[in-house]
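Here is a friendly walk through one structure. Have the sequence and the 3D view at hand, and let us start with the ligand.

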Amino acid sequence: MPSPLRAALFDLDGTLIDSATGIASALNHTLQALGHAPEPETLIRTWIGDGARQLLRQGLQHAGGDLPDGEAFESAYALLMRHYADSLPLQARAYPGAEDALQGLHARGVRVALCTNKPQRFIAPLFEALGWNDLFDAVVGGDTLPVHKPDPEPLWHIARGFGIDPAQSVMVGDSRTDAEAARAAGMPLVLVDYGYRRGYDLQTAGALQVTADLRSLLDLAVE
Ligand SMILES: O=C(O)COP(=O)(O)O
Ligand SMILES: [Mg+2]
């Protein structure tokens, strides 16, 4: 256990917010505009967590045919970005306990960061909708740096910015992507048991906690 805990880095989709309905709606509008059938939300959930480009790739691959490349892929991605922006009100659903945990960590002097693979441009409007503008000391999106999770660099980037050792921080996420990034970064891990984890065995991931409620993080912080 990081003693004392000095920073907590949070994944967004499937960890702090239940955004799958909105993301599925954005992807399905995109697939339909390209002449494909929509996919069920239960399947699309399993494609969330590796960034919006990977989400689109998965959707198009599942729809069949050749995966468009180059300009054709970029124009499909631009379409997804438009529908994604429209879906933000549907994505802004905080999990119970998420806001209390963020505020409680702050109150205990723990730095709080967002470390998501969601495109950066959508983070500010989501924070606005959630009333979370003042809750984060640092924010890194999926396209903020040249690499994203599972690469450890976004985690190191945040820890460096805080002047805090990764070992005195914790990465809080819902998926294999988060667990692999934490392991590669030398950062302790907490997993939520309710996210979009894609058949990943949470119990063998080496997490400090596998939790159903983010308020349990407060047990790691000093009063
Ligand atoms: O894949 C995404 O776009 C976002 O995913 P994350 O918030 O779970 O990193
Ligand atoms: Mg996630």
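Predicted model: local features only at pLDDT ≥ 70, side-chain atom pairs only at ≥ 80, totals over all residues.

## The ligand and its shell

The shell around ligand 1 is made up of three nonpolar, six polar and four charged residues. Residues are numbered from 1 along each chain as its sequence is written, and chains are lettered from A and ligands numbered from 1 in the order in which they are written.

In total, 13 residues surround ligand 1, and the closest are Leu-12, Asp-13, Thr-116, Asn-117 and Lys-118. A residue is near the ligand if its C-beta atom, placed from the backbone, lies within 6 Å of it. Both domain 1 and domain 2 give residues to this shell, so ligand 1 lies between them.

## Two domains

The chain is assigned domain 1 (7–18 + 92–220) and domain 2 (20–91), with bounds that come from an automatic or database domain assignment. Their C-alpha centres are 24 Å apart. The contact involves 18 residues from domain 1 and 13 residues from domain 2, where two residues are in contact if their C-beta atoms, placed from the backbone, lie within 7 Å.

On the side of domain 1 that touches domain 2, helix 7 (residues 123–130) gives the largest share, three residues. That side of domain 1 divides into eight nonpolar, six polar and four charged residues.

Six strands form an open sheet in the order 3-2-1-4-5-6, with parallel pairing. Strand 3 (138–140) and strand 6 (209–211) are at the edges with a single partner strand each, so one side of each has no neighbour in the sheet. Neighbouring strands are turned by 20° against each other on average, direction ignored. Strands (E, at least two residues) and helices (H or I, at least four) are DSSP runs numbered from the N terminus, and two strands pair if DSSP finds at least two bridges between them.

Strand 1 (residues 7–10) is joined by four bridges to strand 4 (residues 169–173), and by four bridges to strand 2 (residues 111–115). Phe-10 stands opposite Val-172 in strand 4 and opposite Leu-114 in strand 2. Both faces of strand 1 are covered, with Ala-7 and Leu-9 buried on one side and Ala-8 and Phe-10 buried on the other. A residue is buried if 20 or more other C-beta atoms lie within 10 Å of its own, exposed if 12 or fewer, and partly exposed in between, with C-beta atoms placed from the backbone.

Helix 9 (residues 176–185) lies across strand 4 and strand 5 (189–192), running at about 165° to strand 4. Such axes are lines fitted to C-alpha atoms, for helices over the stretch in contact, and angles run from 0 to 180 degrees between N-to-C directions. Seven of its ten residues are buried, so helix 9 is largely enclosed by the rest of the structure. Those buried residues pack against helix 8 (153–162), strand 4 and strand 5. Just after helix 9, Gly-186 has a positive phi of about 70°.

Gln-209 is found in strand 6. It has 18 C-beta neighbours inside 10 Å, so Gln-209 counts as partly exposed. Not counting residues up to four places away in sequence, Gln-209 touches Val-190 and Ser-216.

How values were computed. Nonpolar A, V, L, I, M, F, W, Y, C, P; charged D, E, K, R; others polar.
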